[in-house]
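Reader: I'm new to this one. Can you walk me through the fold?

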Amino acid sequence: MGIIEREFRLRIEPARAKDREAMVEINKAAAPRWHKLRHLNAALQEKRAFIAFLGRIPAGFLIWTKDFYSHYFIDLVVVHPQMRRHGVASALIWAMESSCPGNKLFSSTNRSNKAMQEVFERAGFVKSGFITHLDRNNPELIYYKKIPARASASSGPRSRASRKRKKTGKK
Ligand SMILES: CC(C)(COP(=O)(O)OP(=O)(O)OC[C@H]1O[C@@H](n2cnc3c(N)ncnc32)[C@H](O)[C@@H]1OP(=O)(O)O)[C@@H](O)C(=O)NCCC(=O)NCCS
């Protein structure tokens, strides 16, 4: 791996209090409507969040809960607008899958959010119904993925750079 590629290496970590400022900034830039600080604070305190770095730059985060009929549920995935289409959301979801002790993982997104639907489908989630009357004329689509007994990080989603390396055979 060269110097530049190393600088853009995708890395996922459990989010900690020191990451809060970056998460707030990402949230503001990506989805001002969801700027729910209380939500973010609780997730950090309860260790229910992952943060993604592209090199040293915080790029996105994921918050999960165990409140969906007692199953694990990805509550929110947000990627900074300037960091999108680099596999950040996919890697965050993979980190969640790899550390999810349950065998069922659920999530959801609005019918209007085609990008997130594509992310779920690429990550192997299937549709599992929908809920109306949350957002007006924009049903919430539920997604589900069966988590294999042993999800291995080695077969998880890779950054776009490493996918290209694999295609070209370059290390
Ligand atoms: C949706 C979102 C999380 C995707 O993040 P991302 O890091 O860009 O997603 P990835 O790079 O992992 O995308 C994986 C695949 O999903 C698909 N995809 C992602 N964004 C897409 C878009 N805007 N349009 C079409 N397909 C898209 C592509 O197939 C992509 O693979 P490719 O780049 O090799 O073609 C990001 O756009 C975002 O933060 N949006 C605002 C917040 C939001 O809507 N969150 C979801 C609600 S929980």
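**A chat about the fold**

Author: Let's begin with one residue. Lys127 lies in strand S6. Bear in mind that this is a predicted model.

Reader: Lys127, then: buried or exposed?

Author: Exposed, because Lys127 has 12 other C-beta atoms within 10 Å, and a count of 12 or fewer is what makes a residue exposed.

Reader: Which residues does Lys127 touch, leaving out those up to four places away in sequence?

Author: Leu141 and Tyr143. There is also a C-alpha distance to give you: Lys127 and Phe106 are 9.7 Å apart in space, and 21 residues apart in sequence.

Reader: Let's zoom out. How many helices and strands are in the protein chain?

Author: Six helices and seven strands. Along the sequence the pattern reads α-β-α-α-β-β-β-α-β-α-β-β-α.

Reader: And what is the order of the strands in the sheet?

Author: S1-S2-S3-S4-S5-S7-S6. It is an open sheet of seven strands, and the pairing is mixed. S1 (10–14) and S6 (126–131) are the edge strands, each pairing on one side only. On average, neighbouring strands are turned by 30 degrees against each other, direction ignored.

Reader: What holds paired strands together, in general?

Author: Backbone hydrogen bonds, in either a parallel or an antiparallel arrangement.

Reader: Start at S1. How many bridges join S1 to S2?

Author: Five, and the two strands run antiparallel. Leu10 has Leu54 in S2 as its bridge partner.

Reader: Then S2 to S3: parallel or antiparallel?

Author: Antiparallel again: S2 and S3 are joined by six bridges. Phe50 stands opposite Leu62 in S3. S2 and S3 form a hairpin with two residues between the strands. Gly55 has a positive phi there, near 65 degrees.

Reader: How many residues of S2 are buried?

Author: Five of its six, so S2 is mostly covered, with 20 or more other C-beta atoms within 10 Å as the mark of a buried residue.

Reader: What about S4 and S5: parallel or antiparallel?

Author: Parallel, over three bridges. S4 covers residues 71–79, and S5 covers residues 104–110. Tyr72 stands opposite Leu105 in S5.

Reader: Which strands does helix H4 touch?

Author: S1, S2, S3, S4 and S5. H4 spans residues 88–99 and packs on the sheet, with its direction at about 40 degrees to that of S3.

Reader: What is His80 in contact with, leaving aside its neighbours within four places in sequence?

Author: Ile26, Ala29, Ala30, Ala59 and Gly60. For Ala59, the C-alpha atoms are separated by 5.6 Å, although His80 and Ala59 are 21 residues apart along the chain.

Reader: Switch to H3. Which of its residues are buried?

Author: Leu40, Ala43 and Leu44 are buried in H3, which runs over residues 37–45. They sit on the same side of H3, because they cover an arc of only 100 degrees around the axis.

Reader: And on the other side, which residues are exposed?

Author: Arg38 and Gln45.

Reader: What do the buried ones pack against?

Author: Helix H2 (20–30), S2 and S3. After H3 comes Lys47, with a positive phi near 55 degrees.

Reader: Last one, on the whole chain. What share of its residues is buried?

Author: 30% of the 171 residues. As for contacts with a separation of 6 or more, 61% of them come from residues 24 or more positions apart.

Terms used. Residues are numbered from 1 along each chain as its sequence is written. This is a predicted model: local features need pLDDT of at least 70, side-chain atom pairs count only at pLDDT 80 or more; totals for chains, interfaces and linings use all residues. Two strands pair if DSSP finds at least two bridges between them. Helices (H or I, at least four residues) and strands (E, at least two) are DSSP runs, numbered from the N terminus. Axes are lines fitted to C-alpha atoms, for helices over the stretch in contact, and angles run from 0 to 180 degrees between N-to-C directions. Two residues are in contact if their C-beta atoms, placed from the backbone, lie within 7 Å. The arc is that of the directions from the helix axis to the C-beta atoms.
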